[in-house]
Amino acid sequence: MLELYQFELSAYCEKVRLILDYKGLAYKKRDVVPGVGQLELFRLSGQRQVPVLKDGDTYIADSTEIAFYLDRKYPEKPIIPTDPLQRGQCLLIEEWADESLGLKGRTAFLGAFAQNQNFRTAFLPRETPDFMRLLLGSLPGELIDIFGTGVGLGKDAINTAKKGLQQDLEALNLILANRTYLVGDQPTLADLAVAGLSVLLQFPQGSYLNLPPELQGKGIPGLADNSAYEGFFVWRDRLYSQYRQTITPGSSTPPIDSPTSIQIE
């Protein structure tokens, strides 16, 4: 069985999970805990970033390389068009989505922790003591912003990311207003990349991620709750309902025993 070394809240891992589900390929998730452990993932694969896909003795890193590999190795339900024009459009959109939705989405998502107390505490496990919830929720956003600035996640960077995402979502909303897919008449890598990489902007309606049920349909304030982008998220959730497999909460494979200090791609 295929194994996906992953981080549940990585949009790039979600892109791969959506591709695997669309192709109907069974796989096992191997959660990698970031920032702790030894060199297990690096020892196994020579890679420090997730996602990493294991197929037999073969390890493939990078979500785009994984997509190309899966289309070559498992050609049923192809995701990369053969028509030259459609292929070019598909690859162009996929690359744009990686660099824009993926990176800006991660910045804006992390920024939401500093700017919204309820959003910050929503991801705590249910068994978290009330005093810990209160402590995390009461941290001043300004204090978190100071720490964020030191790693390139200050208020200016977050606002720039959100402004770029607003333009991205407006464009996607317009493109998809009168068409079912971004390229051609069936899903391609372009659709699966855009849908998967938008997961941090607004979580899909449905049990697709190992997250508390109350977070379904929620996301970054100002993006997830903006009616101007509703058409895009309706399109995304329709794609999920057709192709993404639901999960049983808490069903993830236990983490790797000794992961390296992982950089989340």
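Biologist: Which residues make up that aromatic cluster?
Modeller: Phe232, Phe233 and Trp235 form one together. Rings of Phe, Tyr and Trp (for Trp, the six-membered ring) pair if their centres lie within 6.5 Å; planes under 30 degrees apart are stacked, over 60 edge-to-face, and the rest tilted.

Biologist: What kind of model is this, and what gets counted?
Modeller: It's a predicted model: local features need pLDDT of at least 70, side-chain atom pairs count only at pLDDT 80 or more, and totals for chains, interfaces and linings use all residues. Residues are numbered from 1 along each chain as its sequence is written, and side-chain values use heavy atoms, with hydrogens and water left out.

Biologist: OK, back to rings. How many aromatic pairs are there in the whole structure?
Modeller: Searching the whole structure gives six. One of them is Tyr22 with Tyr243, edge-to-face at 4.8 Å centre to centre, with 75° between the planes.

Biologist: Where do those two sit in the chain?
Modeller: In distant parts: Tyr22 is in helix α1 and Tyr243 in helix α10 (residues 230-243), 221 residues apart. Helices here are DSSP runs of H or I with at least four residues, strands are runs of E with at least two, and both are numbered from the N terminus.

Biologist: Is Tyr22 buried or exposed?
Modeller: Buried, with a relative accessible area of 6%. Tyr243 is buried too, at 18%. The cut-offs, with a 1.4 Å probe and protein chains only, are under 20% relative accessible area for buried, over 50% for exposed, and partly exposed in between.

Biologist: Which other pair links distant parts of the chain?
Modeller: Phe109 and Phe203, edge-to-face, 6.3 Å centre to centre and 80° between the planes. Phe109 is in helix α4 (residues 84-115), Phe203 in the loop between α9 (189-197) and α10, and 94 residues separate them. Both are buried.

Biologist: What about charges? What sits over the ring of Tyr22?
Modeller: The charged end of Lys77 does, 4.2 Å from the ring centre. For that, NZ of Lys or CZ of Arg has to be within 6 Å of the ring centre and within 35 degrees of the ring normal. Arg236 does likewise over the face of Tyr240, at 5.7 Å.

Biologist: Where's Lys77, and what is its phi?
Modeller: Lys77 is in the loop between α3 and α4. Its phi is positive, about 55°, although it is not a glycine. Its relative accessible area is 37%, so Lys77 counts as partly exposed.

Biologist: Which peptide bond is cis?
Modeller: The one from Val50 to Pro51, with omega near 10°. Pro51 lies in the loop between β3 (49-50) and β4 (52-55).

Biologist: Does α1's length agree with what it should span, or disagree?
Modeller: It agrees: the 13 residues (11-23) should span 18 Å, and the end C-alpha atoms are 18 Å apart. The expected span is 1.5 Å times one less than the number of residues. And 13 of its 13 residues are buried.

Biologist: How many residues of α9 are buried?
Modeller: Nine of the nine, so α9 is largely enclosed by the rest of the structure.

Biologist: What lines it?
Modeller: Residues including Phe203, Tyr208, Leu211 and Gln216. By class that's eight nonpolar, three polar and no charged. Nonpolar means Ala, Val, Leu, Ile, Met, Phe, Trp, Tyr, Cys and Pro; charged means Asp, Glu, Lys and Arg; the others, Gly among them, are polar.

Methods. 1 Å grid on protein atoms, 1.4 Å probe; cavity = no way out; pocket = protein on both sides within 12 Å on 5 of 7 lines; lining within 4 Å.
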